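Please look over the sequence and the structure before reading on.

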Amino acid sequence: MRFSLAKPSFALLAASLVLPFAAAQTTPSITLTIHADQIKAHASPLLHGLMTEEINHSYDGGLYAELISNSAMHPNDSWGAAIPDWLPVELGDSIASFTSDKTTGPSAALPFSLKLTVTRASASAPAGITNGGYWGIPVSPSTTYRGSFYAKSSDSSGPIHIALVNNNTGFEAAHADVPALTGAWKQYHFTLVSAAETTSSHYRLEITTSRPGTLWFSLITLFPPTYDDRPNGNRIDLMKMLAAMHPTFLRFPGGNYLEGNTIDQRFQWKKTIGPLVDRPTHLSPWGYRSSDGLGLLEFLEWCEDLHMQPVLAVYAGYSLRGQHVAPGPDLVPYVNSALDEIQYVTGSTSTKWGAERARDGHPAPFALKYVEIGNEDWFDKSGSYNDRFAQFYKAIKAMYPQLQLIATTPVTSVKPDVIDEHYYLSAQQFFADAHKYDDADRNGPKIFVGEWATMEGTPTPDFEAALSDAAWMTGMERNSDIVIMASYAPLFVNVNPLAMQWVPDLIGYNALTCYGSPGYYAQAMFGAWHGDQIPQTEQTGVDPRFFYSVTRDSTSGELYIKLVNANSTPQPLQIAIDGAKTINPIAPVVTLSARTPAATNSINHPRNIIPVDSRFERASAKFNYTLPAYSIQVMRIKTK
Ligand code: AHR
């Protein structure tokens, strides 16, 4: 069983569901003929991947497991509190206040800190600072949390008490003490082991002292257990959800996040590697500061953990508010930065940037095949992309001829290997466009649908969107000889209303839990049963809300038949299979369906719509079959 996440639910719901043989005596108006021995094309092994960027608190407050918000204690970028997300703690009659001190910090990247002045404090009335995380810090029973902070004190203040405190009850679920601080910046590590009680996200981290003094803090971090136990790693629940999609690649770091609002705010990969204390953080185009704790190496390790190929997008000299770098000498530093970045990813440890990667903890190079030059450069009204792309293309191909280079819009200066197309459409438009690639030019560049989504449902897509997503996916899958990669966007949303900038998004979560939208499950079904061959098929009879694609697994001989019925009534079909010596009559079927197109999943009702296992027992060379109303199905028929 390859659909690992949903397996328990499938098994539960499957029980002995046997699909009814179509009762219709007359020949259905739609006939699907599959020529099992006529392979029209090879399906791209990379078709179903992921696109990601820092948006909707995808990483900070999302996948990246760090629990402390504004852990670097960056001063406010515009207005409001001096240091966002931090508050003073004054218990009993203690007195304390803090400011942002821009004269001292633990590193050149973090030259500022939180200066805490405690004028009165005692063991029974400590004072300090607190952080509530990303809309709550989740604490589970008997769990180990590892943290650290940088600090110094003018008067050796100590001990420093660190605790996870319940917002409602004041209960300390876990605590640790650091005996004393010194007068110089130093990193202190601590471990918190939670007492047994129920899981809740109503916690905050408190750091307090019981003595008056002046203390400086910076980079306070706290991690729960992470996926594969990576020290600076990812949330386990979200990684498991991604794994269940069987993604083959990860396009990163954007998206708009690559470009930044201005050239200065672009994704500067060199500032996202190495120890966290050497990462200055940066303002993202989505209105909040990124910690860059999930930086270039962490993107690559994410790929490694989920066995995905990196699709590396490099900054190409255009930023969102319209600034661009002129092709020619001005662009050379940006091209060189991309070459360095590729060396960081792929170079041996004898290269400058390969050695840097080894120092960062990953001596083995990463395999890299696809590099994307920029993002959505059709927005650049100066027309400079044609030449900017050519400059990157020539420099990268000269050093790395094996790399496949992706253009973000058509260019005439050189022939890109792949073109990235983006589609954010209504359900109606996707239904209408499901055959877009059937007659596409097979001699042009390959196509990467690097961002696509049906724009229906909030914060995550509803079932109508899942139906049209699935209809669109049948079109990409039927044509995956030219549509070689596709990735939905955006992937993630923290469903706290203050966290999101864009709807709909595929996977929702809060500090504690997560859920998949109906569209998520549709993609997981397509990803689980992809196949490597595209047999010749024909459809007679038309229904504008019926869609299909058929692939075949050359090893097992299984046909994967994807069927989508976006109608409110069942869809009778006749399915004919020729060119097969034997056909196993028992066909496993997975169904995603809903009573209405408006039905959906949510953080409070995460499993309204989930795939259900069943089987059809009368597969043969010609059989009638009824596709339920509002349904997406994958039927697997074993042939030889
Ligand atoms: O997916 C959200 C945004 O949509 C991406 O950042 C950008 O590439 C596109 O315009």
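In which strand is the place of F547? F547 lies in strand β27, which covers residues 546-552; strands (E, at least two residues) and helices (H or I, at least four) are DSSP runs, numbered from the N terminus.

## Basis of the report

This is a predicted model, in which local features need pLDDT of at least 70 and side-chain atom pairs count only at pLDDT 80 or more, while totals for chains, interfaces and linings use all residues. Residues are numbered from 1 along each chain as its sequence is written, and side-chain values use heavy atoms, with hydrogens and water left out.

F547 counts as buried because its relative accessibility is 4%; buried means under 20% relative accessible area, exposed over 50%, and partly exposed in between, with a 1.4 Å probe and protein chains only. Apart from its neighbours within four places in sequence, F547 is in contact (heavy atoms within 4.5 Å) with F431, A434, A471, T474, K562, L563 and V564. F431 stands 116 residues from F547 along the chain, and 8.6 Å separates their C-alpha atoms.

## Overall form

The protein contains 10 helices and 33 strands. Its C-alpha trace spans about 90 × 60 × 40 Å along the principal axes.

Of the 640 residues, 60% count as buried. Among contacts with a separation of 6 or more, 76% join residues 24 or more positions apart. The accessible surface comes to about 24000 Å², and carbon and sulfur atoms hold 54% of that surface; the areas come from the Shrake-Rupley method with a 1.4 Å probe, and for residues only the protein chains shown count as cover.

Helix α5 comprises residues 332-346. Its 15 residues reach 21 Å from the first C-alpha to the last, close to the 21 Å expected at 1.5 Å a residue; the expected span is 1.5 Å times one less than the number of residues. Buried residues of α5 include Y334, E341 and Y344. Their cover includes α4 (296-305), β17 (309-314), α6 (352-359), β18 (370-373) and α7 (385-399).

Helix α7 likewise has 15 residues and reaches 21 Å, close to the 21 Å expected. Among its buried residues are Y385, R388, F389 and K397. The buried residues of α7 pack against β17, α5, β18 and β19 (404-407).

## Backbone features in loops

Two cis peptide bonds may be described here. The bond from G254 to G255 is cis, with omega near 15°, and G255 is found in the loop between β14 (249-252) and α3 (256-259). The bond from T458 to P459 is also cis, with omega near 0°; P459 lies in the loop between β21 (446-454) and α9 (463-478).

Positive phi values in residues other than glycine form a further topic. N70 has phi near 50° and lies in the loop between β2 (50-51) and β3 (86-90). N70 counts as buried, at 15% relative accessibility. D228 has a phi of about 60° and is found in the loop between β13 (213-223) and α2 (236-243). D228 counts as exposed, at 56% relative accessibility.
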